[in-house]
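Subject: Structure handover and notes

Dear colleague,

I am passing on the structure we talked about, with the sequence alongside. Please have it open while you read the notes that follow.

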Amino acid sequence: MEYRGYDSAGIAVVGREECRAIKTKGKVSELEKNVYSQNISANLGIGHTRWATHGEPSVTNAHPHSNKEQTLFIIHNGIIENYSTLKNNLINEGYTFVSETDTEVLAHLIDYYLKLKNNLFQAVRYALNEVEGTYGLAVIYKEEPDKIIAARKGSPLVIGIGKNENFIASDVNALIVHTSQVVYLEDGEIAEIYKDHFHAKTIHDEEIIKEIHKVDMNVDEITKGGYPHYMLKEIMEQPDSIFNSMRGRLLYEEGISKLGGLQGYEDRIVRSQRIIISACGTSWHAGLVGEYMLEEYAGIPVEVEYASEFRYRHPIIRPEDTVIFISQSGETADTLASLKEAKKKGALCLGVCNVVGSSIARESNAGVYIHAGPEIGVASTKAFTSQLVVLSLITLLLARKKNLSLIEGQNIIREMQSLPEKVKKILESNDQIEKIADEYMSCRNFLYLGRGYNFPVALEGALKLKEISYIHAEGYPAAEMKHGPIALIDENMPVVFIATKDAVYDKVISNIEEVKARKGRILAIVNEDDDYIEKLVDHVIRVPKTINMLQPILSVIPLQLLAYHVAVKRGLNVDQPRNLAKSVTVE
Ligand code: G6P
């Protein structure tokens with residue numbers, strides 16, 4: 001679970017002789033040392049790795065939190081929005097607080113009800129009825145040492161069913177080394193988990209029957225497979241992940257794609273007045289490419305929204321709209337909240353997710369999995385290219401149902417099918433890109449410029465560099481540069497141009513000349529047959545040619561590798577960059 005946050009970590013155990021918590025600041029490896037240096041004997045425990053929201057990373061603020069007597073422990077993801085009201089009420093009841101977290105309020109509130117009800121399940125249930133906000137939580141208690149109580153609202157929680165042992169986690173990835181049988185808790189549900197059985201209720205005390213799902217995932221998929229970092233492994237996996245995203249989904253004879261997850265909804269999507277795409281981070285960049293594709297080929301107006309803004313700015317959403325939510329994890333709180341908002345307003349909601357069974361995948365009316373396989377490096381790489389593949393598949397489907405001819409459809413399919421081989425070729429430039437990284441690793445700022453389909457690639461390239469190398473980088477539409485960023489250009493400012501041969505190629509060359517005239521250092525991503533740009537710029541990295549709508553899938557890969565090598569050369573933790581988390585399950 002460490003990819004969710006890694007500023008502090010802790011565990012708590014309950015057994016016949018033991019009942020205690022061990023917490024450390026920093027990564028799980030620090031906690032591990034601390035735990036292994038002690039003798040612990042217990043039959044049940046909970047653990048947490050934190051991404052700070054309320055209160056700085058410290059041992060005191062780390063989870064688990066407990067009641068005063070240290071007999072009850074809780075771990076919690078999410079945010080308790082009414083925590084200050086609850087805290088004041090508890091202070092009036094005589095409770096004292098040691099941490100700055102919102103979670104500690106829950107520990108004392110459950111303790112309060114435990115003293116009234118004398119039953120952990122009921123105490124948690126009563127406490128949660130007073131809580132506003134989001135939670136995925138687990139609670140253990142010394143006097144009931146045979147169970148974990150788990151509850152969910154807004155933050156994911158999965159129960160893993162083992163043999164004479166059961167588990168809970170906030171991501172199935174964490175469970176698959178133990179079991180492939182899982183149960184997804186839904187919002188407003190609370191479960192009592194023993195080693196050999198569990199039962200669930202709603203927080204209003206209604207009984208519910210939960211279905212057991214089988215997770216089809218291989219343990220090898222979550223190891224580094226001999227690579228020094230997950231990020232490099234995931235970049236290198238792209239020929240396969242891209243292939244997997246389209247496997248079985250292209251019908252060449254008919255020149256169309258087949259997307260089982262959209263069956264029954266195709267006509268409604270085609271008839272949409274407009275398509276809105278809502279996402280965050282890298283997924284938002286994929287959405288921008290999607291906008292270009294869908295407008296060009298399917299002729300449906302598209303708007304791309306930051307999920308965090310979309311929810312709160314009172315957007316006009318109509319039942320004739322289709323909203324596509326793109327999320328690798330399927331758990332990003334902002335995206336999930338915007339999905340709930342769009343659903344409430346009656347729009348057709350489609351999920352484009354990687355994690356099977358994730359909240360966004362389950363909450364949407366329909367959707368398409370990207371099947372990229374688990375992505376663990378915090379900086380998203382293979383999920384991005386697979387999101388673009390799926391957006392191409394959706395575009396092809398809608399365009400063929402509108403005006404796109406069979407021949408044009410088949411051309412797109414041929415180009416899509418050739419992508420894995422082309423990606424392999426780009427990955428062969430890894431050594432060359434590593435050498436280029438040597439030349440740029442000490443720069444303090446970067447500008448990434450592209451036009452048309454390559455503009456979102458410029459944004460994504462800049463984001464990759466920022467995220468893992470902590471170098472300030474900005475992505476801009478190449479032509480917009482002259483309206484501001486050009487003032488930054490001098491001999492110390494590297495500019496990365498994505499300059500593949502498309503409809504705006506000549507225009508991009510003019511922009512390159514403008515940078516050159518101001519002595520900027522230029523690195524350009526160009527097509528294999530381009531012998532012009534290399535004469536103008538300091539470095540080129542070549543990528544094979546494909547049709548414009550698919551070019552971002554190829555041109556982003558050198559930028560992923562560049563960011564990776566720069567970060568490694570700067571001695572940084574590529575897989576766990578500071579302050580970030582892979583999946584941000586708080587708003
Ligand atoms: C976090 C990650 C980003 C990611 C974004 C959206 O900020 O650090 O890498 O792009 O969330 O994540 P999602 O899982 O919704 O695609």
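**The parallel sheet and its helices**

Helix α10 (residues 333-344) lies across β17, β19 and β20 (348-353), and its direction makes about 165 degrees with that of β19. Before going further, please note that this is a predicted model, in which local features need pLDDT of at least 70 and side-chain atom pairs count only at pLDDT 80 or more, while totals for chains, interfaces and linings use all residues. Residues are numbered from 1 along each chain as its sequence is written, and side-chain values use heavy atoms, with hydrogens and water left out.

As for terms, helices (H or I, at least four residues) and strands (E, at least two) are DSSP runs numbered from the N terminus, and two strands pair if DSSP finds at least two bridges between them. Contact means heavy atoms within 4.5 Å, and axes are lines fitted to C-alpha atoms, for helices over the stretch in contact, with angles running from 0 to 180 degrees between N-to-C directions.

The sheet that α10 lies across includes β17, β19 and β20; it is an open sheet of five strands in the order β18-β17-β19-β20-β21, with parallel pairing. Its edge strands, each pairing on one side only, are β18 (302-306) and β21 (366-369), and neighbouring strands are turned by 20 degrees against each other on average, direction ignored. Strand β17 (residues 274-279) pairs with β18 in the parallel sense over five bridges, and S278 stands opposite E305 in β18. Helix α8 lies across β17, β18 and β19 (321-327), running at about 175 degrees to β18.

**The antiparallel sheet**

A further open sheet has three strands in the order β2-β1-β3, and here the pairing is antiparallel. The edge strands are β2 (19-25) and β3 (44-50), each of which pairs on one side only, and the twist from one strand to the next averages 10 degrees. Strand β1 (residues 8-14) pairs with β2 in the antiparallel sense over seven bridges, with S8 standing opposite K25 in β2. Helix α1 (residues 28-36) packs on this sheet and touches β1, β2 and β3, its direction making about 135 degrees with that of β2.

**Domains and the contact between two of them**

The protein is divided into domain 1 (2-219), domain 2 (226-417) and domain 3 (427-577), the bounds coming from an automatic or database domain assignment. The centres of domain 2 and domain 3, taken over C-alpha atoms, are separated by 25 Å, and their contact takes 35 residues from domain 2 and 29 residues from domain 3. The area buried between them is about 2,800 Å², of which carbon and sulfur atoms give 73%; buried area is the accessible area (1.4 Å probe) that two parts lose on being put together, summed over both.

How many salt bridges are counted between domain 2 and domain 3? The count is zero, a salt bridge being a side-chain nitrogen of Lys or Arg within 4 Å of a carboxyl oxygen of Asp or Glu. Across this interface there are, however, 13 residue pairs in polar contact, both residues at pLDDT 80 or more. A polar contact is a pair of N or O atoms within 3.5 Å; within protein, one must be able to donate a hydrogen and the other to accept it, and residues adjacent in sequence count only if both atoms are side-chain atoms. The elements giving two or more residues to the side of domain 2 that touches domain 3 are α5 (230-236), α6 (238-246), α8 (281-298), α12 (382-401) and α13 (406-417), and the largest share of that side, 10 residues, comes from α8.

**Individual residues**

E415 is found in helix α13, and its side chain is joined to that of K422 by a polar contact of 3.3 Å. Leaving aside neighbours within four places in sequence, E415 is in contact with K422, K545, T546, I547 and L550.

The salt-bridge rule gives a count of 30.

Two backbone details remain. Most residues other than glycine have a negative phi, and most peptide bonds are trans. H314, in the loop between α9 (307-312) and β19, has a positive phi of about 50 degrees although it is not a glycine. H63 and P64 are joined by a cis peptide bond with omega of about -5 degrees, and P64 has its place in the loop between β3 and β4 (65-66).

With best wishes
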